[in-house]
Amino acid sequence: MWQVKRDEGGIALDLARKALLAMLEAKVFAGLKSDVTGLLAFGTDETDNQLNCQTPDEYQNITTLYPIEQPQLPILRTVNNDMPHGNVQADAFDAIIVALNMMEEYCKKLKFKKMIYLFTDGESPINQHDFERVSSQILDQNIELNVLGVDFDDPDFGLRQENKSENKKKNEQFLRELTDACKGTIFSMEDVLEQLSKPIIRPVKPMPVYRGSLTLGDPQMHGSASLLIDVELIARTMKAKPKSFKKYSALAEAANNIENKTYEVSHSRTYSITVDENVNEKVDVPQDELDKAYALGKTFIPLPKQDENIFSFETTPCLSIISFIRTEEFRRELILSNVFTVVPKKDDPVAAQRLSSFIHALYEKDSYAIVRYVKKPLEPPKLGVLVPYIKPPKECLYFARIPFKEDYRRFTFPSLDRIVTKAGKELDVHEYLPTDEMLDKMGKFIENLDLMSAVTDGEGNPREYLKVKECFNPINVMIKKAVSHKALYPEESLPQPDPTLKAQTRMLPSLVEKNKELVDEMRTLFKIKEVKGKGKTTKRRFADANVGIEQNLSLDQLLNNGNTLDNGKKTKSENGDREDSLMLDKKDSVREVGLTDPLGNFKEMIANREEDLVTQAVEQMCQVIEHFVKSSFGISLYEKALECLKLLRETCAKENESEIFNKFLKDLKTLVFTSNPSKTDFWELLGSNKLTLISNKEADDSSTTEDEAEEFLKMKFEKKSIIETADEEQMPTDELLNLMDDD
């Protein structure tokens, strides 16, 4: 093939080499000992094959470049750089017979998935003798024959080469008959290269991670009232990690006197202790003489080996159903791990029948099952959820882990569509609330970014963009490509990322153009402005005190803030007020009630006559008191909260803020009775100090009578008074794993 020039340019051997390299690279990277490969070249000047040794006059010009073995890096370098360029023609049918003999000698009676790939341009003459015998042998040995032809016709893709030689037409027809007889496949090289241009995903053999029983109830104690199904768990989704790297020893590479070098770096660990503090010498200690220690603060607590079993939780393998939950009550974000498929035990029709009935029952009841999962003995138990999946002819359960209480972290964030002031008033109009026009624009923007019809297929019909099956991890692909390129071309720089992979991480250009005008409108509507960073800030350091500062002000100006002296007296400023000369005692007014000195801060804010900060001070003091009560360890902060509450009540009665205080005290009562742990002892403290609601006898703005105020402290707390709020746990969720379909 190296002598045949194609009509499109180049030689046929380049296409075959490119396809063969892609196929072999995937095998070398996988590194599976069970995945073995042999390489034959026909049309070489020399002859080197086992059948020729038995019959010297036959099977000429066929060379075994590599016997059947696990492919390694040398086979890639041979294909890329050292393929023999013969000047004679050889029979492709003879090469298939030699390959059959090699496979028969290697495989014998063992079970292998056997395949033959024939790379040819179809120009060499073919002897069709023994057609029936060879095709029967391929079928009997269950061998898959694949012919990869350069410039072969492909009716499926509409490819047809003009000006073919008669010999090529005849050979192509023969190879089609052979593949039809052997139930094989014939491909055009262009089709093969298009398929190989995508990353090759190695198929994973389904290996169960758990073989056991799915139980409901106790089959041993209550056999007739329980359920037991023999099942297997098989990984459905698993993160594909890049192939691990090993450290390479440059020292071994430089040493020429070492035989059988592996260049691998081996690690060794030693443990040493100081016996005598006065002598700077350490003694090595064997690892088996060491005990584990656990940190308790800054102290290490040793744990002898005989006591290590106290941390072992005795468990046995199980997959036990502990409860059921409605589909709409399950929250999708609780899923923690990979997804596994629960299928019946292999070749067990009874288990298949029982599991099918259970799957349909869950599906019809619109429910999920919560299970306790233990993979192997003494392993910590896990919680999981079983989700029914039915799509004929496939039905199964999907399993995923869910958290325990300690694993769950719940955070509260302010609402995006509801603003409530500290006084409890809900605002309908605010700069942070979206208008109807904003919502319409954003809704249209989201619809325009829909990927379900973002691109078109070959016939111009809209289709989905970025399907899961069409998206590949660029990290894994680039690592394989870079390592392979460096192995074949050590002196060249690394290749650039594939454009199709880079496109996955960028916005689709057609969508950008489609939404350009809408984005400009939204930018104006939402008043979006660029926020520039502050840049580098200059901080004063202690060393700055040694740096001299140029002074351009006189001593009189420094002492009098720019005003002149008249006979030793300070002059008045333009507004007639006298200015303090040093300006050292002037402080900014307090605007926040802090946790350090809440009483002092509160009094200063109330006493401020330049600005009305009463309402602000009252609201902040309410927050401080609530913080003290909630964060108090035992009764440690109760006295401080009580003092703040007394001052707050007294001030609210004087400053006409009684309604705010009364509302806060009611909320505080709800807090102390519903918190976990309960803070009821703080409420008893309020009762002993007779701190109750402000009545209309004490303040004119209060709507609470004196009798209601007295009854408030005596009245027991009722849970019905708790303001009901929407719980995110009751919000409906999308169906779990709806992207797991095979389509």
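**Close-up 1. Asn473 caps the N-terminal end of helix α11.** In this predicted model, a side-chain oxygen of Asn473 sits 2.9 Å from the backbone nitrogen of Ile475. Helices here are DSSP runs of H or I with at least four residues, strands are E runs of at least two, and both are numbered from the N terminus.

**Close-up 2. Helix α11 end to end, residues 474-488.**

**Close-up 3. The buried residues of α11 and what they pack against.** Asn476, Val477, Met478, Ala482, Ser484, His485, Ala487 and Leu488 are buried, meaning under 20% relative accessible area with a 1.4 Å probe, protein chains only. The buried residues of α11 pack against α1 (12-30), α3 (73-81) and α12 (499-503).

**Close-up 4. Asn601 in helix α16, residues 598-607.** Asn601 counts as buried because its relative accessible area is 15%. Skip the neighbours within four places in sequence, and Asn601 is in contact (heavy atoms within 4.5 Å) with Val590, Glu592, Val593 and Gly594.

Close-up 5. The protein chain has 21 helices and 22 strands, and 31% of its 743 residues are buried.

**Notes.** Residues are numbered from 1 along each chain as its sequence is written, and side-chain values use heavy atoms, leaving out hydrogens and water. Local features need pLDDT of at least 70 and side-chain atom pairs count only at pLDDT 80 or more, while totals for chains, interfaces and linings use all residues.

Notes. Buried means under 20% relative accessible area, exposed over 50%, partly exposed in between (1.4 Å probe, protein chains only). The expected span of a helix is 1.5 Å times one less than its number of residues. A polar contact is a pair of N or O atoms within 3.5 Å; within protein, one must be able to donate a hydrogen and the other to accept it, and residues adjacent in sequence count only if both atoms are side-chain atoms.
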